[in-house]
Amino acid sequence: MSDIDRRKFLQTTAALGALASFGLGRAASAQGAKPADFPDILRKPIPSTGEEIPAIGLGSWITFNVGNDQVLRDQCADVISAFFAAGGRMIDSSPMYGSAQEVIGYCLDKLGARDQVFSTDKVWTSGDGMAQIDQTLARWHTQKFDLLQVHNLLGITDNLRLLFRLKDEGLLRYVGVTTSHGRRTDDLIAVMKNERLDFVQVTYNPIDRKVEEYLLPMAYDRGIAVIVNRPFRGGSLTERLEGEPLPEFASELKVESWAQLILKYLIAHPSVTCPIPATTNPGHAAENMRAATGLLPDDKMREQIAAVIGVLV
């Protein structure tokens, strides 16, 4: 990153918290509910196109792997319903998440909400990537994804070539690559240097901050959107903080929970486009979305958040 770009990066960080209070990003999205329906939700641009999406998404790892249990499927539909009602759009899944893809397809059909979702999934195979994608499309009951990602860099050369071809043919809107649990960060950076990706997906939270050193500034510099997985460390982080009082300075942000404080910490970073917390609780889905409203922490408060959480966990 050049000195000029780095200054711009730091200036954007400082300004983002103030901009959020004015409902940053009210321009119309490419599909789904109009931003005017959710005027207070922070939206962030996808750098490669300028399309704006709500700054909080929904993950499905573990939580949507409920098989054919009808009660649990309907509970997942309630989660998605609450998520959409609060202004959310991005839902992320993967072939490695058991029945999650099929459950999402069921939920979207039940809710009649396909025009509201920013559909995000992955290809995760060293074999026939197109065959797997066809299966994923069938499970979602859709004909086209907004974003497909090479999951954990598996079969990266062939699968990335396939995704770019689908994008060129108009069968896919965005292309990305994922890592998780802080693994293979250096390998992902190498791909970012050599490929014109639309998205990357990484693990990031106030404890796991390795990506702050180089990957996030690089994403900003190269115009790559960033999805954050494991914002709560698979739930272990919020479970550990449960019962602990919020720090006094958090009152400035009007947060209701540690989950909201963590999400505000994440979306205040100028490189972060959309964390994707997972939940089985509709109330938590709505609560998470409220983190994309109101003021965001500045650099100083972000460091305070990380320091307090670091002591408590």
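Q: A residue counts as buried under 20% relative accessible area, exposed over 50% and partly exposed in between (1.4 Å probe, protein chains only). With that in mind, which residues of α9 are buried?

A: The buried residues of α9 are W258, A259, Q260, L261, I262, L263, K264, Y265, L266 and I267. Since ten of the ten residues of this helix are buried, α9 is largely enclosed by the rest of the structure. Helices (H or I, at least four residues) and strands (E, at least two) are DSSP runs, numbered from the N terminus. Keep in mind that this is a predicted model, in which local features need pLDDT of at least 70, side-chain atom pairs count only at pLDDT 80 or more, and totals for chains, interfaces and linings use all residues. Residues are numbered from 1 along each chain as its sequence is written, and side-chain values use heavy atoms, leaving out hydrogens and water.

Q: Let's step back to the whole chain. How many helices and strands are there, and what share of the residues is buried?

A: The chain has eleven helices and nine strands. Of its 313 residues, 53% are buried.

Q: How do I read contacts, and what share of them joins residues 24 or more positions apart?

A: Contact means heavy atoms within 4.5 Å. Among the contacts in this chain with a separation of 6 or more, 76% are between residues 24 or more positions apart.

Q: May we try one residue? Where does L160 lie, and is L160 buried or exposed?

A: Find helix α5, residues 156–168, and you will find L160 in it. L160 counts as buried because its relative accessibility is 5%. Setting aside neighbours within four places in sequence, L160 touches V150, G155, V175, G176, V177, V191, E195 and L197.

Q: Now a loop. Where does S180 lie, and which residues is S180 in contact with, leaving aside its neighbours within four places in sequence?

A: S180 sits in the loop between β6 (172–178) and α6 (185–194). Beyond those sequence neighbours, S180 contacts N152, T203 and N229.

Q: What is a nonpolar core, and which residues have the most contacts inside the largest one?

A: In soluble globular proteins, nonpolar side chains tend to be buried together. A core here is a set of buried Ala, Val, Leu, Ile, Met, Phe, Trp, Tyr and Cys residues joined through side-chain atoms within 4.5 Å. The largest one has 83 residues, and F64, I91, L163, M192, L197 and L215 have the most contacts inside it. Our helix α9 gives the most to this core, with eight residues. Look at I91 as an example: apart from neighbours within four places in sequence, I91 is in contact with L58, I80, F83, F84, I104, V117, F118, S119, T120 and W140. There is also a second, separate core of eleven residues, including I46, F118, F199 and C274. C274 counts as buried because its relative accessibility is 0%.

Q: Speaking of cysteines, how many disulfides are there?

A: A disulfide is a covalent bond between the sulfur atoms of two cysteines. The rule used here asks for a pair of cysteine sulfur atoms within 2.5 Å, and the count by this rule is zero. Take C107, which is in no disulfide: the nearest cysteine sulfur belongs to C76 and is 5.3 Å away. C107 is buried, because its relative accessible area is 0%.
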